[in-house]
Amino acid sequence: MLPDLRPPAPRGDAPRSVAVLGSTGSIGVQTLEVAALFPDRLRITALAAGTRWQELAEQARRVRPDHVVIADEAHLGALRDALAGTGVEVAAGTDAVRELAEEAEVDVVVAAIVGAAGLRPTLAAVEAGKTVALANKESLVVAGALVEAAAARSGAVVVPVDSEHSALFQCLVGEPAGSVERLILTASGGPFRLRPAETFDAISPEEAVAHPNWSMGAKISVDSATMMNKGLEVIEARWLFGVHADQIEVVVHPQSVVHSVVEFVDGSSKAQVGPPDMRVPIQVALAFPDRWAAPHPRLDWTRTGPLTFEPVDADRFPCLGLAYDALRAGGSAPAALNAANEVAVARFLTGDVRFTDVPRLVEVGLATARPAGTLDGLLAVDAAARRAAADARALTTA
Ligand SMILES: NC(=O)c1ccc[n+]([C@@H]2O[C@H](COP(=O)([O-])OP(=O)(O)OC[C@H]3O[C@@H](n4cnc5c(N)ncnc54)[C@H](OP(=O)(O)O)[C@@H]3O)[C@@H](O)[C@H]2O)c1
């Protein structure tokens, strides 16, 4: 699924045609910022979003893609009116989002939809043999084996956007197969790294989305606060890099400067470092195998201060252990984990359940896992886990 990791030949300056799925989100907006730096190399030909049609229309007026799709069909008329006379082709619906990922003229698909909703378009892009700049980690969590098999059939290349996986990927380019002993994923520890366990019941959604180092969408921010994000990343790493659960370790690194580390069989390690700025891994994915000069912030090595590393507190952050359990169980367990987590996070964000209910609802959802190898089978488990997590009573709420 990864590109050939031998030292790559430069690809040159031929413009790349890019479809951004999830363009109104945190990753989507930053992708458009990166693309604006390289008007001769990147041409944004398609944009897709879920519901925020005004933001999508504003992006389309600025970027002038050929196609724009809004997943929520209720906004088709308003979006069409907003883009009347621009020449931009407007469509709506989840099938139309998927079709964008397969468009013949698209070279690179940026998969930046949040959650399992990104699975079908990501899989379509992989099946169509595109280069996929993958932010939507949930698609690998839900259906990593299917995405891997589709990439093997089509020759699609998946370049990670997640900063940790981009770091691992950059460390692995040029290294021989079979040389990896361990992958060490760094984690900031989130906003509650130092918060006492007995106060976790009182954590509010506002506190949970306020990440200390990264500005991200609400769902991934809560995932970072529970450390489920790191669990999803462990599963993502398993599929991207073809390693076992036992070869993936997580270490808390509050400064978010070391983005991850590859330890090799000879005892040598490589880390990738830089300021926490998602535009860098986004650009790495869009430019691969080239590197393009850009004015992103640099590290001032005289001012980084101490870089520290510590183990994860498994008692306060049980979601990480649940993700390892799901990865080791295999089959549909990661899909059930992910679906239940999406519901649990949504319930937490609306104030329906407490922060400490999230891992409990995930456990309820995990229990719905059953043998499933096909996409339909996995999506049936996803639906069952969602129902279970939605129906379960909050356990810590009085
Ligand atoms: N943010 C980060 O720094 C970061 C870092 C690493 C990885 N990631 C991963 O990147 C993905 C996106 O994260 P984010 O933080 O950018 O999320 P976000 O800010 O919540 O944005 C999500 C995007 O997905 C769109 N969307 C939702 N459902 C859709 C559907 N059915 N069809 C089409 N578009 C849909 C949303 O559109 P509307 O808003 O218009 O509804 C929005 O554009 C996640 O998988 C996350 O784990 C994010």
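Two strands count as paired if DSSP finds at least two bridges between them. Keep that in mind as we walk through this model, which is a predicted one.

Let's start with strand β5, which covers residues 108-111. Strand β1 (residues 16-21) pairs with β5 in the parallel sense, over four bridges. If you want one spot to look at, find Ala 19: its bridge partner in β5 is Val 109. Now go to strand β6, residues 131-134, which also runs parallel to β5 and is joined to β5 by four bridges. Here Val 110 has Ala 133 of β6 as its bridge partner.

So what about the side chains? In a regular strand they alternate between the two faces of the sheet. In β5, Val 108 and Val 110 sit on one side, with Val 109 and Ala 111 on the other, and all of them are buried. Both faces of β5 are covered, then.

Strands β10 (residues 258-264) and β11 (residues 269-273) run antiparallel and are joined by five bridges. Glu 263 stands opposite Ser 269 in β11. Together β10 and β11 make a hairpin with four residues between them, and Gly 267 in the turn has a positive phi of about 90 degrees.

Next, the helices. Two packed helices are described by the angle between their axes and the distance between those axes. Helix α10 (residues 228-241) packs against helix α12 (residues 318-329) at an angle of about 25 degrees, with the axes 7 Å apart. Angles under 35 degrees count as roughly parallel, so α10 is roughly parallel to α12. Their crossing is right-handed. Among the residues making the contact are Met 228, Leu 232 and Ile 235 of α10, along with Ala 323 of α12.

Those names come up again around Leu 337. Leaving aside neighbours within four places in sequence, Leu 337 is in contact with residues including Met 228, Leu 232, Ile 235 and Ala 323. Leu 337 and Phe 241 have the most contacts inside the largest nonpolar core, which has 128 residues. Helix α13 (residues 333-349) gives the most to this core: ten residues.

Finally, jump back to Pro 3, in the segment before β1. Is Pro 3 buried or exposed? Buried means under 20% relative accessible area, so Pro 3, at 7%, counts as buried. Not counting residues up to four places away in sequence, Pro 3 touches Val 157, Val 158, Val 159, Phe 169 and Phe 288.

Key: Residues numbered from 1 in each chain as written. Predicted model: local features only at pLDDT ≥ 70, side-chain atom pairs only at ≥ 80, totals over all residues. Heavy atoms only, no water. Helix = DSSP H or I, 4+ residues; strand = E, 2+ residues; numbered from the N terminus. Core = buried A, V, L, I, M, F, W, Y, C linked by side-chain atoms within 4.5 Å. Buried < 20%, exposed > 50% of the residue type's maximum accessible area, 1.4 Å probe, protein only. Contact = heavy atoms within 4.5 Å. Axes fitted to C-alpha atoms, helices over the stretch in contact; angles between N-to-C directions. Parallel < 35°, antiparallel > 145°, perpendicular 65-115°, else oblique. Left-handed = near helix turned anticlockwise from the far one by under 90°.
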